[in-house]
Each structure stands twice: as structure tokens, then as C-alpha cells.
Amino acid sequence: MKWKLWLLVSEDKYELPLCVAETARELGEMIGVNEHRIINTIAQYKRRGKTFCRYIKIEFDDDEEDY
């Protein structure tokens, strides 16, 4: 089974996590942004090939041992 972490990261070269949530909705509620804005922003950055995005989605498999 796959699960995801959604992060809001700092806008510098370190990209430190400022907020971490299990869903886009949960992250949106934490920072006061609609979940669709988070999802669309990530998709737009991927399409345009940009290297930095304020939001990050990380996917994990249950069988991965290196959490």
C-alpha cells in the first residue's frame, strides 16, 4: 500500500519542512489554503519543469524499510 506526505517547505536552498500532513486537505487547513491550490501548484511546476515548488508530495510504499 502507498501512503503520502504533503509538505510546505521553506523558500531557500535547504527546503526545510515548515508543515507536514498526511493529506493535501489537512495541509491546506493547517496553512489556510484550499487543497486544490496545493495539488494544482505541484502539477503546474511539474509540467513547466521548474525545480522548486513550495509544496512537496512524497510517496512511500509499505514495503520500504528506510522511512
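In the predicted model, glycine 49 is located in the loop that joins helix 2 (35-48) to strand 3. Glycine 49 has a relative accessible area of 54% and is therefore exposed, the cut-off being over 50%. Its C-alpha lies 18 Å from that of aspartate 12, and 37 residues separate glycine 49 from aspartate 12 in sequence.

Strand 1 (residues 2-9) pairs with two other strands. With strand 3 (residues 55-61) the pairing is antiparallel and comprises 7 bridges; within it, lysine 4 has glutamate 59 of strand 3 as its bridge partner.

The largest nonpolar core consists of 10 residues: Trp6, Leu8, Cys19, Ala21, Ala24, Leu27, Ile38, Ile42, Cys53 and Tyr55. Two or more of these residues come from each of strand 1, strand 2, helix 1 (24-31) and helix 2. Cysteine 19, a member of this core, contacts Trp6, Leu7, Leu8, Leu27 and Ile31 when neighbours within four places in sequence are set aside. Threonine 41 belongs to helix 2. The relative accessibility of threonine 41 is 16%, so this residue counts as buried under the 20% limit. With neighbours within four places in sequence again excluded, threonine 41 touches Cys53 and Tyr55, both of which are core residues.

Side chains of opposite charge can pair when their charged atoms come close. The whole structure contains 3 salt bridges. One of them joins glutamate 11 to arginine 54, with 2.4 Å between the closest N and O atoms. Because glutamate 11 sits in the loop between strand 1 and strand 2, and arginine 54 in the loop between helix 2 and strand 3, this pair ties together parts that are 43 residues apart in sequence. Glutamate 11 is exposed at 58% relative accessible area, whereas arginine 54 is partly exposed at 30%.

Arginine 25 and glutamate 35 form another salt bridge, in which the closest N and O atoms are 3.1 Å apart. This pair links distant parts of the chain, 10 residues apart, with arginine 25 in helix 1 and glutamate 35 in helix 2. Glutamate 35 is partly exposed, its relative accessible area being 21%.

A salt bridge is also found between glutamate 59 and lysine 57, with a closest N to O separation of 3.5 Å. Glutamate 59, also the bridge partner of lysine 4, is partly exposed at 40% relative accessibility. Lysine 57 is likewise partly exposed, with a relative accessible area of 31%.

Terms used. Residues are numbered from 1 along each chain as its sequence is written. This is a predicted model: local features need pLDDT of at least 70, side-chain atom pairs count only at pLDDT 80 or more; totals for chains, interfaces and linings use all residues. Side-chain values use heavy atoms; hydrogens and water are left out. Two strands pair if DSSP finds at least two bridges between them. Helices (H or I, at least four residues) and strands (E, at least two) are DSSP runs, numbered from the N terminus. Buried means under 20% relative accessible area, exposed over 50%, partly exposed in between (1.4 Å probe, protein chains only). A nonpolar core is a set of buried Ala, Val, Leu, Ile, Met, Phe, Trp, Tyr and Cys residues joined through side-chain atoms within 4.5 Å. Contact means heavy atoms within 4.5 Å. A salt bridge is a side-chain nitrogen of Lys or Arg within 4 Å of a carboxyl oxygen of Asp or Glu.
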